[in-house]
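Please consult the sequence and coordinates shown below.

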Amino acid sequence: MTFKERVFSGVQPTGNLHLGNYLGAIVKFVALQEQYDCIYCVVDMHAITVWQDPAELKRSIREVTAAFIACGIDPKRHIVFNQSQVAEHAELAWIFNCVARLGWLNRMTQFKEKAGKDRENASVGLYAYPALMAADILVYRATHVPVGEDQKQHLELARDIAQKFNNDFAASIAALGLGPVFFPLPEPLIQGPATRVMSLRDGTKKMSKSDPSDYSRINLTDDADTIAQKIRKAKTDPDPLPHDEKGLESRPEADNLVGIFAALAGKTKAEVLGEFGGAQFSSFKAALVELAAGKLGPVGSEMKRLVQDPAYIDAVLGDGAARAQAIAADTMRYVKDVVGFVRR
Ligand code: ATP
Ligand code: MG
């Protein structure tokens with residue numbers, strides 16, 4: 001069976017958006033608009049799997065929306081909304097909680113990392129997060145999901161859930177004439193030189209909103225001076241840049257900066273090394289500062305302008321939510337019939 005091609009992805013309103021979110025996700029979101037119908041979601045229900053201050057959460061939902069628009073996502077041609085406005089996400093997530101197996105969730109590395117040592121004290125939501133993520137995607141029967149490398153495992157779980165639902169309910173799906181399969185197996189889109197941007201302080205740790213050191217990341221709202229300072233202070237090793245990609249092996253910090261440069265410039269790492277191979281970090285970093293400030297400066301100032309108009313942002317989210325809900329409600333009517341719920 002062929003499904004209508006559709007892109008879905010989400011970003012959590014959990015703090016400062018950074019270069020990893022931009023290169024690993026948002027830049028891809030923008031590019032896919034030409035080829036697909038896209039749904040981009042501010043996943044506020046995922047955010048509260050760890051404690052969020054309510055006033056800060058609201059601010060952050062609007063800021064992520066502003067970032068989407070500032071980066072070039074068109075909320076008129078595509079759909080931009082926040083997750084909690086479409087209750088069908090939670091509804092399908094419950095059904096998926098009953099499809100997913102404990103053994104599958106026990107393997108999720110994000111839960112292990114985020115729960116840390118005090119696992120008994122983690123929220124049930126943090127554990128069940130991947131089932132909600134599967135529902136986010138599948139409530140729109142989306143076929144393609146652009147994400148960073150860190151979400152690969154969750155996407156595989158979403159495929160497992162889709163497949164098990166299709167199998168468990170195969171007879172019911174066929175009897176209702178909805179078959180042979182009800183849910184597509186969503187494909188991850190994880191490509192390019194910056195699918196996993198690393199911390200500027202430690203090339204073995206992912207750049208993340210939750211890192212306590214602000215010097216570990218470049219925020220989308222950082223001004224040119226801050227970007228310059230952070231890149232100049234970024235950890236490196238003493239050797240000059242290598243001439244080919246093989247020379248980046250076992251040099252995680254060098255690999256990271258070259259990957260960032262390549263992604264920002266729209267080049268491959270090999271092309272960047274063709275230009276900078278043999279150069280010292282000081283001159284490479286100076287070029288990177290110029291490139292990063294040039295790309296991020298306009299995004300940051302447009303974000304700051306947009307968040308000053310919360311009424312506009314909220315209108316975008318409301319309009320997107322209404323259009324998203326029309327699709328999601330349709331899916332849920334079928335799902336309820338498939339599962340055997342009585343409905344109005
Ligand atoms: P948190 O620490 O709250 O989980 P986060 O920085 O991981 O925040 P998310 O909202 O969880 O951000 O992820 C949004 C998107 O950004 C996802 O597609 C994710 O894969 C991508 N992403 C996050 N961090 C990176 C990174 N360091 N490199 C590339 N992509 C990333
Ligand atoms: Mg994350």
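The largest cavity holds about 40 Å³ of space. Here a cavity is a set of points, on a 1 Å grid over the protein atoms alone, where a 1.4 Å probe fits but cannot get out; grid points are joined across faces, edges and corners, and a volume is the space filled by probe spheres set on the points. One cavity of 30 Å³ or more is present in the structure. Its lining consists of Ser199, Leu200, Gly203, Ala234, Lys235, Glu253, Asn256 and Leu257, where a lining residue has an atom within 4 Å of a point. By class, this lining comprises three nonpolar, three polar and two charged residues. In this scheme Ala, Val, Leu, Ile, Met, Phe, Trp, Tyr, Cys and Pro are nonpolar, Asp, Glu, Lys and Arg are charged, and the others, Gly among them, are polar.

The model is predicted, with pLDDT of at least 70 needed for local features and 80 or more for side-chain atom pairs, whereas totals for chains, interfaces and linings use all residues. Residues are numbered from 1 along each chain as its sequence is written, chains are lettered from A and ligands numbered from 1 in the order in which they are written, and side-chain values use heavy atoms, leaving out hydrogens and water.

**Pocket and ligand**

The largest pocket has a volume of about 1,200 Å³; a pocket is an open set of grid points with protein on both sides within 12 Å along at least five of seven lines. Its lining has 42 residues, and Gln110, Lys114, Asp150, Gln151 and Lys206 are those nearest its centre. These 42 residues divide into 16 nonpolar, 17 polar and nine charged. At least two lining residues come from each of E1, H1, helix H6 (109-115), helix H7 (124-138) and strand E4 (144-146). Helices (H or I, at least four residues) and strands (E, at least two) are DSSP runs, numbered from the N terminus.

Strand E1 (6-11) and helix H1 (19-32) are the elements that give two or more residues to the shell around ligand 1, and H1 provides the largest share, four residues. Of the 22 residues around the ligand, His18, Lys114, Asp150, Val197 and Lys206 come nearest; a residue counts as near if one of its heavy atoms lies within 4 Å. The shell has five nonpolar, twelve polar and five charged residues.

| Residue | Protein atom | Distance to a ligand 1 oxygen |
|---|---|---|
| His18 | polar side-chain atom | 2.7 Å |
| Gly148 | backbone N or O atom | 2.8 Å |
| Ser208 | side-chain N or O atom | 3.2 Å |

On its own, ligand 1 has 600 Å² of accessible area, of which the protein covers 96%; such areas come from the Shrake-Rupley method with a 1.4 Å probe.

**Backbone details**

The peptide bond from glycine 179 to proline 180 is cis, with omega near 5 degrees. Proline 180 belongs to the loop between helix H9 (170-175) and strand E5 (187-189). Arginine 141, although not a glycine, has a positive phi of about 45 degrees, and is placed in the loop between H7 and E4. Serine 250, also not a glycine, has a positive phi of about 60 degrees; serine 250 lies in the loop between helix H10 (224-233) and helix H11 (252-265).

Definitions and conventions:
Polar contact = N/O pair within 3.5 Å; in protein donor to acceptor, adjacent residues only side chain to side chain.
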